[in-house]
Amino acid sequence: TDDDGVLEERRRGGRRTHVCEVCDKDFASASALTIHKRIHTGEKPFKCRVCDKAFNTKGHLTEHSRTHMLVTPYMCGTCNKACTSARNLTLHLRTHTGEKPFKCPECDKTFTQQSALTQHMRIHTGEKPYQCHVCAKAFAHFGALVTHVRVHTGIQPFKCDCGKAYKARSGLSYHKRSNNH
């Protein structure tokens, strides 16, 4: 284990892998693990020069930068919305078609993305695969774990212009609504 609390290498099935000690996810390379660790730490080292928005990967910054340069190579034929990636265009097109190709086998609810179905299925299974490495509390959704860990770290990344800060975006949103910001 290194100083960041991450088990860098582990042998599984005879092959060397890189494993996150926080969520036990495997990665093929040390660099992929380093990028992944930013999810847990909230680190966003790639900053937009135009608006100061920060990102955890260079690729996300590159995609964001297209919004400033008006470089949006993927255009919706229905409403002319410009998208910065083919994936975003595919997801956007489903707003027009109503297509929800991912169906829950338990309750027949449908979703536009596989990831949304995967998260939904946890309602039926009770699965909580994301566990806090400090107190062992478990969560069905990764985002809930990320927010929870801030209870232990004290990190409050969502800041209002008035100086108040919150560990969750919802806290900042509520503050702004209730204080007419």
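Guide: What follows is a set of questions about labels and the values behind them. Keep in mind that this is a predicted model.

Visitor: Let's start with helix α1. How do you know that the span of helix α1 agrees with its 12 residues?

Guide: The expected span is 1.5 Å times one less than the number of residues. For residues 30–41 that gives 16 Å, and the end C-alpha atoms of α1 are 16 Å apart, so the two agree.

Visitor: Which residues of α1 are buried?

Guide: They are L33, H36, K37, R38 and H40.

Visitor: Why is R38 called buried?

Guide: Buried means under 20% relative accessible area. R38 comes in at 14%, so it counts as buried. This arginine sits in helix α1.

Visitor: What does R38 touch, leaving out residues up to four places away in sequence?

Guide: E43, P45, F46 and N56. With N56 there's a polar contact too: a polar side-chain atom of R38 lies 2.7 Å from the backbone oxygen of N56, and the cut-off is 3.5 Å.

Visitor: Now R150. What makes R150 buried?

Guide: Here the value is 16%, and the limit is under 20%, so R150 counts as buried. R150 is part of helix α5, which covers residues 142–153. Its contacts, again skipping residues up to four places away, are I155, P157, F158 and K167.

Visitor: How far apart are R150 and H40 in sequence and in space?

Guide: They're 110 residues apart in sequence, and their C-alpha atoms are 9.6 Å apart.

Visitor: Why is the pair of Y130 and F142 called edge-to-face?

Guide: Ring centres have to lie within 6.5 Å, and planes over 60 degrees apart count as edge-to-face. The centres of Y130 and F142 are 5.4 Å apart and the planes stand at 70°, so edge-to-face is the label. Y130 belongs to strand β10 (residues 130–131) and F142 to helix α5, so the pair ties together parts 12 residues apart in sequence.

Visitor: How many disulfides does a search of the whole structure find?

Guide: It finds 0. Take C51: its nearest cysteine sulfur, that of C48, is 3.7 Å away, while a disulfide needs the sulfurs within 2.5 Å. C51 is partly exposed, at 37% relative accessibility. C162 is in no disulfide either, with the sulfur of C160 nearest at 3.6 Å. At 42%, C162 also counts as partly exposed.

Visitor: What makes the phi of N80 worth a note?

Guide: N80 has a positive phi, near 65°, and is a residue other than glycine. You'll find N80 in the loop between β6 (74–75) and β7 (82–83).

Visitor: Is N80 buried or exposed?

Guide: Exposed means over 50%. The relative accessible area of N80 is 57%, so N80 is exposed.

Visitor: And why is A136 called partly exposed?

Guide: A136 has 43%, so that's where A136 goes. A136 has a positive phi as well, near 70°, again in a residue other than glycine. Its place is the loop between β10 and β11 (138–139).

How values were computed:
Residues numbered from 1 in each chain as written. Predicted model: local features only at pLDDT ≥ 70, side-chain atom pairs only at ≥ 80, totals over all residues. Heavy atoms only, no water. Helix = DSSP H or I, 4+ residues; strand = E, 2+ residues; numbered from the N terminus. Buried < 20%, exposed > 50% of the residue type's maximum accessible area, 1.4 Å probe, protein only. Contact = heavy atoms within 4.5 Å. Phe/Tyr/Trp six-rings, centres within 6.5 Å; stacked < 30°, edge-to-face > 60°. Polar contact = N/O pair within 3.5 Å; in protein donor to acceptor, adjacent residues only side chain to side chain.
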